[in-house]
Amino acid sequence: MGCGTSVTTDNKGRRLTTAMKAAILIQRWYRRYIARLEMRQRYTWNIFQSIEYAGEQDQLQLSSFFSFMLDNFTQLNENGPDLISHLLDPVVDPWSDRERQTKYEQITVPESYSGPHLTFPLTVSHTNALLSAFKEQQPLHGRYMLQLLHQTKKLLKQMPNVIHLSTPYAKEITICGDLHGRLDDLLLIFYKNGLPSAETPYVFNGDFVDRGKKSVEIIILLFAYLLLYPDHMTLNRGNHEDHIMNLRYGFTKEVMQKYKTHGRDILLLVQDVFSLLPIATVIDNKVLIVHGGISDMTDLDFLSSIERHKVKSALRLPRRSLNHLEVTGSSRQGQPESPRCRSRGQDHGQPESPRCRGQPESPRCRCRGQPESPRCRSKGQDHGKTPKKRRHLTRQGSCSSSSSSSLCSPRGSSRLTPRCCLSPSMPSPTDALQVPFLDSFTALPVRQPPREELEWKQVVDLLWSDPKSQPGCSPNTFRGGGSYFGPDVTSRLLERHGMSLLIRSHECKQEGYELCHDGQVITIFSASNYYEEGSNRGAYIKLGRELVPRFFQYQVSRNTRKLTLTQRVNVAEGSAVRAVQEKLFAHRSELMAAFQHYDTSNSGCISVSEWALVVESVLRLDLPWRTLRPRLARLAPDGSIDYQSCFEDMGPGQPIPQVTPNLAETLYRYRTDLEIIFNIMDKDHSGQISIEEFRQTWRLFSAHLGVEVDDRAIDELAKSIDFNKDGSIDFNEFLEAFRVVHKLDVKDQQQG
């Protein structure tokens, strides 16, 4: 008996030991599995964010170029193109508000229209009808849209720059972040939290439009509830409530597609409404709500006194007359260098600014061993340095410094020099507007910034800034505009005004919200699945009398619930990798030249470290290239990288024979910029422009990029794509030829 019991006990002990070892092995495997997924999620997130901010930088560069052309070019060069005078300048509407309202009321609504009918003042039945119509994909007629915008404009004119709210007794205020045209997110918020009313007050913190496909429906609902409950519905302005941003990110195109007859009138009125939106909200004198953030120059008392409607676009400096500026010119000897032939370290004939000499640079312009921006993620291991390559027109002294940063030129690989940012109270060291022309250099003395420019800079900071973990304030060169503000900047502003909390939006967060600066700053983002299906949650905040924030998360998706975690990560990662591959393809000639520089034996292979160095030096996206390498390039048998494999899975859309390879690559890279210029030229938004407008577009495009395009080649190209020979060009069809196509996707479509 005793021996049998002993054997049984030993067997149980061995089985228990084996089970424990198995459990430990499973636990280790699972932890490694989750860690790998987390790593993939993080670099996928970094890719999406880097490419998003790179697009914003391109938009700021293009807008700065347009602003310079508008303010200076026609006055300094009498032979300049006539089209410059109307670019980005709002059309003066000859009608008064009353005459405009009468005009809208005369628009006939056909009997066949089955959507909602509005009469003013609005009632709850009207807002319910709008909700029901949009759920059924029914549009609002153009007449009602114009009347709604007109009434909203009248109401906003009466509102102050900074809205002051009080938390109602036993009730809470709901604060929502960016929606970006995601109607499903807005409807889910209303479903979970309740429709706007006196019992359920809301603050929507900007960026209602762009990127998503339902921006029109979102602003209709928000404006309708604002008219219905003006004391319980607050709309702050975001950086996308801007007609220039709308050109790039989709809202302008959406309006013209949905309102072909009245689209232009709607866009002009929307532009006025956006400029009248309040720029900040204060709750119980303790909580400040702004879209982007602050800087060390932010002054709420000053902001309360500005004329906000004058800032039609945060991307446009206030109009500065050159009649009061003394123009001095000095010729540079010889022709300018090609942007592709400048050696490393040259200053390109431009004076180095204090920002570039003594202060930390952004991750996109850290070329001299200075400290990296807080947004640099890869510690510089894989990153190389590159000269600034693309010619652009630089306005020195038109950006703010470590304090109120306005618009900065950020990206190393595609710009000549970083646009240095100067404080509104600090003149440029050269006290001149430096303008590099084709073969001369003109200096325009700059006076102390006028009040309207100081106002503009403060608004830019509120709409574009981001928090950082390090103390101090510096230009937000990662985005290209606004400031990075540290915890000390936050504490000083809150203490100065007797506040305890800053709520802002402007940045997508994986969980929909994030706390920083010791809990004094909250970022709230309400557009779920922002980058890709399953990429992030949305969230909103509820604040009661105690001003303790409560967070509510959600995720709108018809498919995500059916996918496992691994499948969701695979979908997001695949989308992010394709975006990087398109960047590689668009910079193919630069990358190949740099690869071949290291490939001294012409073997077609270089080391992994050299490959990572080259890719970062050209693309400047601050990504973990060694980690991404298996998804982007193939290893040779000896462990080196076959660098030509970077481009194997991509090809052009529909190549046009008349376009040379070099010009085609330029088009792939700057396709979005060219599309914006086309859309500005297309005044009636018909999708058609004349051959002469096509030529003028190319002159603008080549001046913006510093790329010489032969007029004869452009004429031949214009004639070749005028397919029906009617003197007009369908530029949407033209641009479709310059879309990067993933070959694997094409094969899947053909097999399907």
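This is a predicted model: local features need pLDDT of at least 70, side-chain atom pairs count only at pLDDT 80 or more; totals for chains, interfaces and linings use all residues.

Visitor: How many bridges join β5 to strand β6, and do they run parallel or antiparallel?

Guide: Strands β5 and β6 (residues 287-289) run antiparallel and are joined by three bridges. Two strands are said to pair if DSSP finds at least two bridges between them. Helices (H or I, at least four residues) and strands (E, at least two) are DSSP runs, numbered from the N terminus.

Visitor: What lies between β5 and β6?

Guide: The two strands form a hairpin with three residues between them. D284 belongs to that turn, and its phi is near 55 degrees, a positive value in a residue other than glycine. D284 is partly exposed, with a relative accessible area of 22%. Buried means under 20% relative accessible area, exposed over 50%, and partly exposed in between (1.4 Å probe, protein chains only).

Visitor: And the faces of β5, are they buried or exposed?

Guide: Both faces of β5 (residues 280-283) are covered. A280 and V282 are buried on one side, and T281 and I283 are buried on the other. In a regular strand the side chains alternate between the two faces of the sheet.

Visitor: Which other strand pairs with β5?

Guide: Strand β1 (residues 162-165) pairs with β5 in the parallel sense over four bridges. There, V162 stands opposite A280.

Visitor: Changing topic: at what angle do α3 and α6 pack?

Guide: Helix α3 (residues 124-135) packs with helix α6 (residues 215-228) at an angle of about 170 degrees, and their axes are 10 Å apart. Axes are lines fitted to C-alpha atoms, for helices over the stretch in contact, and angles run from 0 to 180 degrees between N-to-C directions. The angle makes α3 roughly antiparallel to α6. Angles under 35 degrees count as roughly parallel, over 145 as roughly antiparallel, 65 to 115 as roughly perpendicular and the rest as oblique.

Visitor: Which residues make the contact?

Guide: From α3 they are V124, T127, L130, L131 and F134, and from α6 they are E217, I220, L221, A224, Y225 and L228. By class, the contact of α3 with α6 has nine nonpolar, one polar and one charged residues. Contact means heavy atoms within 4.5 Å. Ala, Val, Leu, Ile, Met, Phe, Trp, Tyr, Cys and Pro count as nonpolar, Asp, Glu, Lys and Arg as charged, and the others, Gly among them, as polar.

Visitor: How many residues of α6 are buried?

Guide: In α6, 13 of its 14 residues are buried. The helix reaches 20 Å from its first C-alpha to its last, close to the 20 Å expected at 1.5 Å a residue. The expected span of a helix is 1.5 Å times one less than its number of residues.

Visitor: What sits on either side of α3 in the chain?

Guide: P121 lies in the loop between α2 (97-105) and α3, and a cis peptide bond joins F120 and P121, with omega about 5 degrees. Q137 lies in the loop between α3 and α4 (142-157). Phi of Q137 is near 65 degrees, a positive value in a residue other than glycine, and at 55% relative accessibility Q137 counts as exposed.

Visitor: What is the order of strands in the sheet of five?

Guide: This open sheet has the order β4-β3-β2-β16-β17, with mixed pairing. Its edge strands are β4 (233-235) and β17 (550-554), each pairing on one side only. The twist averages 20 degrees from one strand to the next. Helix α6 packs on this sheet, touching β3 (202-204) and β4.

Visitor: How do β2 and β16 pair?

Guide: Strands β2 (residues 173-176) and β16 (residues 538-543) pair in the antiparallel sense over four bridges, and I173 stands opposite L543.

Visitor: Last one: how many helices and strands does the protein chain have?

Guide: The secondary structure comes to 23 helices and 24 strands. Of the 752 residues of the protein chain, 57% count as buried.

How values were computed. Residues are numbered from 1 along each chain as its sequence is written. Side-chain values use heavy atoms; hydrogens and water are left out.
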